[in-house]
Structures are given as structure tokens and as C-alpha cells.
Amino acid sequence: SSPISRPRVRLRRVLEAPGLEGMAKELAKELESDYPAVCTDSLSDGSEDPAVSWEHFPSGDPNIKVSLKAVQNRHVVFLMNSDKEMLFEQLSLLLFLQRFHEPHPLPEYAKKKWKSSMADSKYNISSAASITVVIPWYRHCQMERTSRWARANGKWTNADPEGGFLDVPTALQFAALLSAPPILAGPLGGPHSLPLLPKKQLLLLDIHEYEDLEMALVASGAWANRPVPYDQDFGTGTFFASAFDSFLQDVFLPERGGNASSVYVVFPDFGAHRRFCAMVMRACGMKEEQVLWIPKSRVGADIQQTDGLMFLDSTGVERLCEARLSASSHILLADDFTNSGSTLFGGATIIRRHAEPGAHVAAFVSHFVGKYNRSVVTEFVTTLYNPSSGLDTFYCTDSVAQTVSWLKEEMADRRAKNEPERCRVMSLAKVIAKWVVKHPLAVEAPPPVTESASLFRDLCGIV
């Protein structure tokens with residue numbers, strides 16, 4: 001039986017973009033979905049029918065096919081991949097799920113390849129019953145606000161109050177694309193009523209800065225997420241959940257026998273400490289002096305880590321950790337994401353200077369980005385296995401599908417050489433399943449029959 005206590009929700013379907021097949025199968029199992037999560041980019045003889053076929057024309061343009069029984073009037077959970085090469089295809093499917101044409105099964109129209117079904121109004125308008133969109137890694141989160149910029153000595157500066165250039169806040173623009181409604185279907189004045197769009201909700205995991213993004217998503221009016229204040233203790237909010245919280249309670253602390261007395265959690269800067277300190281203290285039952293951060297200093301235009309460990313005492317005063325961490329310590333260096341790993345390795349070096357020999361130092365990130373580059377992942381693993389790296393173990397989740405697949409290949413090569421396992425990947429399936437079960441979407445009764453032309457004018461404000 002599934003470890004998650006839940007009411008039975010029938011007809012729930014898990015769909016995924018390419019690269020998330022493993023996560024989708026685990027999630028379908030956790031949710032007790034009664035339909036296999038089979039989404040593929042190719043078909044072979046004898047294979048079972050897929051829910052989604054992510055095919056392409058010879059030109060490389062998308063040629064997507066969706067199983068009607070997999071999505072029509074179903075509660076769909078859609079796992080979206082951060083792969084930029086597939087963003088248009090995924091947005092297309094998201095729009096389709098909210099409203100699509102279903103041609104009537106008539107032989108005379110099949111003979112004509114369904115070319116006149118729309119013109120003759122020989123179709124139904126259908127949708128999913130509800131849609132839960134899950135984006136394990138929201139890759140556009142690094143640009144969430146607009147600043148003024150100016151050019152100075154061939155470089156950009158945002159210190160000029162009269163700067164004539166503006167950032168395009170891609171975190172908000174992608175949120176707008178996700179929130180967009182589908183176009184109205186069918187010929188104007190046709191006989192069909194347009195049902196209410198299905199409710200949809202959105203889940204994002206361990207977002208770096210959430211305030212502006214949440215305001216944009218709420219303002220869109222497109223999402224059924226119940227507004228709740230952001231909870232620092234759990235890393236949860238209207239659209240947000242935390243993989244880090246699950247890692248601490250389900251992986252890291254149990255590996256230490258559930259005893260946090262010799263555990264320290266170190267963050268690479270005060271910003272990360274501010275975001276996660278309350279969560280760590282609650283999840284692990286730790287004291288203020290066990291939750292540390294590495295201070296930074298500005299050298300010219302560069303910001304660098306400095307040699308030292310800081311903590312906030314019970315009165316909120318910054319203190320320097322003067323005692324060396326004992327040889328029996330288990331020290332976790334944690335952050336929300338990393339590109340190349342340089343901050344993690346630099347932080348581990350500083351931690352080693354302030355710990356007795358023999359202390360175990362590990363690192364965790366929710367999102368291992370690796371610059372989306374295989375060579376960067378290879379270099380990261382090579383550095384990790386170097387005795388001077390400072391890290392004994394590296395943990396991450398499977399949120400960045402392509403990067404993690406490369407990481408697993410690198411680790412398979414190491415195992416083949418009988419080298420010790422120094423990377424562990426935590427699946428997000430249970431984290432997502434718990435959130436989905438806790439936030440079921442109710443389906444409303446359909447609206448009264450309304451001619452499509454009249455509804456189109458009402459929605460568009462046409463008199």
C-alpha cells in the first residue's frame with residue numbers, strides 16, 4: 001500500500017514532458033493513478049497506447065498527439081520539464097488540456113481527414129476536469145524583478161538612478177505564459193456552448209525569491225491555488241513547497257540516526273540562512289548556534305566568500321562561531337541551486353578550516369543546474385572525487401532532468417571502477433504527491449448553454 005494517507009481520487013492522470021518519465025511513474029504510484037504514465041517521443045509495434053506522444057515532423061516542428069481517454073474529464077497532473085527546447089510543446093499541451101475539439105466519430109469526415117469537422121460543427125468541446133501543473137525546476141527564477149541599468153566603461157551597472165535600460169523579468173513573463181487561457185474554440189455563432197475552463201493550480205519547488213512571482217500569479221486570476229502566507233518554517237506558500245524540508249526529515253536526519261546533536265547546517269550566504277534557518281531548526285530540532293552561514297565581502301565589483309562561520313543567537317544578534325566543529329560533526333552545506341558547484345566547493349574549503357579532521361562534510365541543493373552542460377557535470381564529479389574538494393557526499397533532487405541524467409551516468413562510470421558512491425539523488429515524487437493530495441481541485445457544475453458568439457463577445461468586452 002502507498003505510504004501516503006489519502007482519500008481515493010479516481011480518474012487522476014499523470015502526464016510528463018520528456019525527461020521526467022521516472023519521476024512521473026513514481027508519482028503515479030504514489031497517487032494510485034489508475035492509468036499508466038506513458039508519455040513518449042516515439043512509437044514501436046506492440047507498445048501500449050501512450051497518454052501523450054511528443055513526436056515531431058521531419059522539420060523538427062512539434063506533432064503532438066494526446067490520448068482522449070487519458071485527459072478528457074480527468075484530473076490531470078502535468079509535470080513540466082525545464083528543458084528550453086520543449087517549452088513551446090509543453091505550453092501547447094497546457095492550453096490544449098483546458099479546451100480542445102473532439103471531432104465526431106463519423107466515417108464521412110474520417111475519409112476527408114477531418115478537414116470539415118469544424119466548419120460543419122461536427123465536434124464536441126472538451127477539457128480535462130482539473131489541471132495541476134508541477135514545475136520541479138522553475139529555471140526562469142533568476143530574473144524576477146526589473147532594475148534600471150546603464151552602460152559605464154563598457155560594462156553594465158544598476159547603480160545609476162537614471163539608467164535607460166530595463167531588465168525583462170523572465171520569471172514573471174513565463175508566469176504570464178503559464179497563466180494564459182486557451183483561445184475560444186469553434187466558429188462564431190455555432191451551436192456549441194463553451195464550458196467553464198477547468199480549474200488549474202500550480203506547484204513550484206524551492207524558489208529563490210518568491211514575492212514578485214507570487215504577486216504576478218495571483219494577479220493573473222488564472223489559478224485556483226488557495227492564497228496562504230509564505231511559511232518559512234516549512235518553505236510553503238500559495239504556489240510553493242520545499243524539497244529541502246523533505247530531504248532534512250526523510251534523508252539527512254534518518255541517516256544520522258535521528259540525532260541532530262552533532263549536526264551543523266551551513267549556508268553559503270546570509271540570504272540562504274534567512275530563507276531556511278527556521279525550517280532547519282524545526283525539522284531537525286537544532287539550536288541557533290548549529291545553523292550557520294559563511295559571510296561575504298565585496299572586492300571591487302566582485303562578491304566573495306570570507307573565512308568564517310556566523311550564526312544568529314536567540315536574540316537575533318550576529319555572532320562569530322569561534323569554536324572549531326568537532327571531528328564527530330556531520331556538517332551539511334545547503335543551498336537552493338548551484339550552477340557549476342564552485343560556491344559549494346569554496347564553502348566546503350572554508351568549513352574544513354573551522355572543523356577538526358575527521359568531520360563529515362556533505363552538500364545539498366534542491367536544483368543541480370550544472371549550466372545545462374554535460375562537460376560542467378563531468379568537471380563537477382571530477383572535483384568532487386578529488387580529496388581536496390572538501391566534500392564527502394553530494395545530494396540533490398531530480399528536478400533538473402537532463403543534468404541529473406548526466407550525473408547518474410557519471411556515477412555509473414564511477415561504480416564500474418569500484419569507486420565509492422559520493423552522489424545521491426532524491427526523487428521529488430513523494431514531495432509532489434503529498435502536495436497534490438493536500439490540494440485536491442473540486443469540479444464545478446457546467447454553466448448554462450450559451451452561444452459561442454455571445455460568450456466570445458462577453459469575454460472580450462464587445463458590445
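## Terms and overall make-up

Helices, of type H or I and at least four residues in length, and strands, of type E and at least two, are DSSP runs that are numbered from the N terminus. In the predicted model described here, the chain holds 13 helices and 23 strands, and it is by these numbers that the elements are named below.

The chain has 463 residues, of which 48% count as buried. When the contacts between residues at least 6 apart in sequence are taken together, 70% of them join residues at least 24 apart.

## Helix 1 against helix 12

Helix 1, made of residues 21-30, and helix 12, made of residues 429-438, have axes that come within 9 Å and cross at roughly 45°. Angles under 35 degrees count as roughly parallel and those from 65 to 115 as roughly perpendicular, and the two helices are therefore oblique to each other. The crossing in which helix 1 passes helix 12 is right-handed.

On the side of helix 1, the residues that meet helix 12 are Met23, Glu26, Leu27 and Glu30, and their partners in helix 12 are Ala429, Lys430, Ile432 and Ala433. Sorted by class, this contact has five nonpolar and three charged residues, with no polar residue taking part. An α-helix has 3.6 residues a turn, so residues three or four places apart point the same way.

Helix 12 is also mostly covered, since seven of its 10 residues are buried. The buried residues are Ala429, Val431, Ile432, Ala433, Trp435, Val436 and Val437; Ala429, Ile432 and Ala433 are also among the residues of helix 12 that meet helix 1.

## Helix 7 against helix 8

A second pair of helices is formed by helix 7, which covers residues 243-255, and helix 8; these pack at an angle of about 35°, and their axes lie 10 Å apart. As helix 7 passes helix 8, the crossing is right-handed. Helix 7 contributes Phe244, Asp245, Leu248, Gln249 and Leu253 to the contact, while helix 8 contributes Phe276, Met279, Val280, Arg282, Ala283 and Cys284. The residues of this contact divide into eight that are nonpolar, one that is polar and two that are charged.

Ala243 lies in helix 7 and, with a relative accessible area of 1%, is buried. Once its neighbours within four places in sequence are left aside, Ala243 is in contact with Asp206, Phe364, Ser366, Thr397, Met426 and Leu428. The C-alpha atom of Ala243 is separated by 9.4 Å from that of Cys396, although these two residues are 153 residues apart along the chain.

Arg275 has its place in helix 8, which is made of residues 270-284. Is this arginine buried or exposed? Its relative accessibility is 11%, and Arg275 therefore counts as buried, given that the term applies under 20%. The side chain of Arg275 is joined to the side chain of Asp336 by a polar contact of 3.3 Å. If residues up to four places away in sequence are not counted, Arg275 touches His208, Glu209, Gln232, Asp335 and Asp336.

Lys296 has its place in strand 16, which covers residues 296-299, and is partly exposed, with a relative accessible area of 44%. Its side chain makes a polar contact of 3.4 Å with the side chain of Asp269. Lys296 and Asp307 are 11 residues apart along the chain, and their C-alpha atoms are separated by 8.7 Å.

## Residues in loops

Asn73 lies in the loop between helix 2, residues 68-71, and strand 5. This residue has a positive phi of about 60° although it is not a glycine, and at 51% relative accessibility it counts as exposed. Ser82 is found in the loop that runs from strand 5, residues 75-79, to helix 3, residues 87-98. Ser82 is buried, with a relative accessible area of 6%, and, leaving aside neighbours within four places in sequence, Ser82 is in contact with Trp137, Arg139 and Val400.

Ser121 is found in the loop between helix 4, residues 107-111, and strand 7, residues 123-126. Ser121 has a positive phi of about 55° although it is not a glycine, and with a relative accessible area of 16% Ser121 is buried.

Definitions and conventions: Residues numbered from 1 in each chain as written. Predicted model: local features only at pLDDT ≥ 70, side-chain atom pairs only at ≥ 80, totals over all residues. Heavy atoms only, no water. Axes fitted to C-alpha atoms, helices over the stretch in contact; angles between N-to-C directions. Parallel < 35°, antiparallel > 145°, perpendicular 65-115°, else oblique. Left-handed = near helix turned anticlockwise from the far one by under 90°. Contact = heavy atoms within 4.5 Å. Nonpolar A, V, L, I, M, F, W, Y, C, P; charged D, E, K, R; others polar. Buried < 20%, exposed > 50% of the residue type's maximum accessible area, 1.4 Å probe, protein only. Polar contact = N/O pair within 3.5 Å; in protein donor to acceptor, adjacent residues only side chain to side chain.
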